[in-house]
Amino acid sequence: MKKNIGITILITSIILTIVLVSNKKEVDTVTSVSKIPLVKVSPLIQNIINARIQSQGTILPANEIIVLAEINARVDWISGKMETGSSFYKGDTLVKLDKRDYELALISAGSNILNAKVNLEREQAEFDLANKEWERVGSGKASDLTLRKPQLAQAEAIWAASKAAVEQAQRNVDRTVIIAPFSGRVRKKNINVGSSLFAGTTIAQIYSTDYYEVRLPISDRDMFFTGLSFDGNSISPSNQLDVLFRLDNNNVFKGKIVRTESEKDYKTKMVILIAKIDAIKNLGTNNILAIDQFLEAEIIGIELGKSIQIPRSMVRDSYVWVVDSKKKLRKRKVDLWRYEQEKAIVKNGLFKGDYLLMSRMNTLVDGMIVDININ
């Protein structure tokens with residue numbers, strides 16, 4: 001029995017193997033198909049673009065003056081609009097000085113001019129009479145003294161001096177009242193009621209709120225894109241560049257580049273453009289600007305012609321990945337005008353039918369076929 005067990009196991013194993021091999025199923029053969037990647041792309045639109053130069057600056061007064069006393073007098077009255085930081089309008093009375101002494105001087109000058117007028121009329125009559133008498137009884141050439149020419153000239157000089165004295169006295173009376181020459185604000189007040197002033201004493205420092213200026217520094221590489229000459233001269237209105245100022249998201253207004261500075265800023269080593277803001281035109285009665293207030297600015301520079309704007313991050317060492325009209329990945333070398341914040345402006349290198357590749361891919365192969373999803 002022990003001898004037959006081994007033979008039995010062997011025969012059984014052979015039979016099972018034959019059965020299993022004869023009953024095995026055929027494995028279906030699957031053909032491997034490569035998967036075409038789907039990528040996001042963005043159309044490349046060509047437009048006529050102007051360079052936009054970013055800058056920033058603080059507001060300065062376009063017209064600022066120091067008000068000086070022109071006469072010696074005591075301060076009688078000061079307007080409430082003359083406090084530091086207060087606003088006033090053109091024609092407002094700001095300060096009144098004691099004018100009594102100057103009114104008396106005007107009365108005295110008026111009296112003198114009446115005497116001078118009477119004296120001139122008398123001398124004119126005697127001059128006419130002397131000439132007629134000489135023509136009637138005289139012979140030869142009469143002397144000037146005989147014809148009373150010096151006396152008449154003296155009377156005319158006294159008359160002229162009297163008129164000048166009256167005008168001077170009236171001007172002094174007028175100078176006792178300080179009138180606002182423009183609409184503006186008070187930067188600093190230097191007097192109080194009762195202060196004694198002398199000619200040349202500083203009364204206040206005021207500035208106009210009709211116009212403001214902003215110094216805008218730009219880098220050397222942006223100079224070409226302004227199209228301006230940095231010679232320190234004023235710019236003709238036809239060549240003035242537009243500027244968009246931003247105070248905050250709700251306050252955007254316009255200005256003009258009116259001149260350039262011929263020297264670089266000694267601190268920043270940047271060139272300077274001077275912008276002017278017409279507050280009445282751009283802000284109307286809602287004049288929300290203040291001196292030394294900070295503003296963001298965008299200068300509209302020269303026209304760059306037909307160009308394409310793309311995200312700055314899509315440019316790598318002057319190359320851009322695109323999908324061409326045959327849905328193949330292409331690595332294009334581009335010629336850039338410039339970078340502007342988060343954008344790059346492409347001058348040349350992209351072709352009709354190209355789409356900008358927006359998807360991030362692990363492997364980028366020039367010529368790879370892709371499927372596209374246009375954003």
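**Nonpolar cores and an antiparallel sheet**

In the predicted model, the largest nonpolar core holds 31 residues, among which Leu 216, Val 243, Phe 245, Ile 257, Leu 273, Ile 277 and Ile 299 touch the most other members. A nonpolar core is a set of buried Ala, Val, Leu, Ile, Met, Phe, Trp, Tyr and Cys residues joined through side-chain atoms within 4.5 Å; buried denotes under 20% relative accessible area, exposed over 50% and partly exposed in between (1.4 Å probe, protein chains only). At least two residues of this core come from each of β2 (46-61), β11 (211-218), β12 (242-248), β13 (251-260), β14 (271-278), α5 (279-283) and β15 (294-311). Helices (H or I, at least four residues) and strands (E, at least two) are DSSP runs numbered from the N terminus. A second, separate core comprises 22 residues, including Ala 69, Ile 71, Ala 73 and Phe 182.

Beyond its neighbours within four places in sequence, Phe 245 has contacts (heavy atoms within 4.5 Å) that include Val 214, Leu 216, Ala 275, Ile 277 and Leu 295. Tyr 211, in strand β11, counts as partly exposed because its relative accessibility is 36%.

An open sheet of 4 strands has antiparallel pairing in the order β7-β6-β4-β9, where pairing requires at least two DSSP bridges between strands. Its edge strands, β7 (177-179) and β9 (196-197), each pair on one side only. Strand β6 (residues 93-97) is joined to β7 by 3 bridges, with Thr 93 partnered by Ile 179.

Residues are numbered from 1 along each chain as its sequence is written. For this predicted model, local features need pLDDT of at least 70 and side-chain atom pairs count only at pLDDT 80 or more, while totals for chains, interfaces and linings use all residues; side-chain values use heavy atoms, leaving out hydrogens and water.
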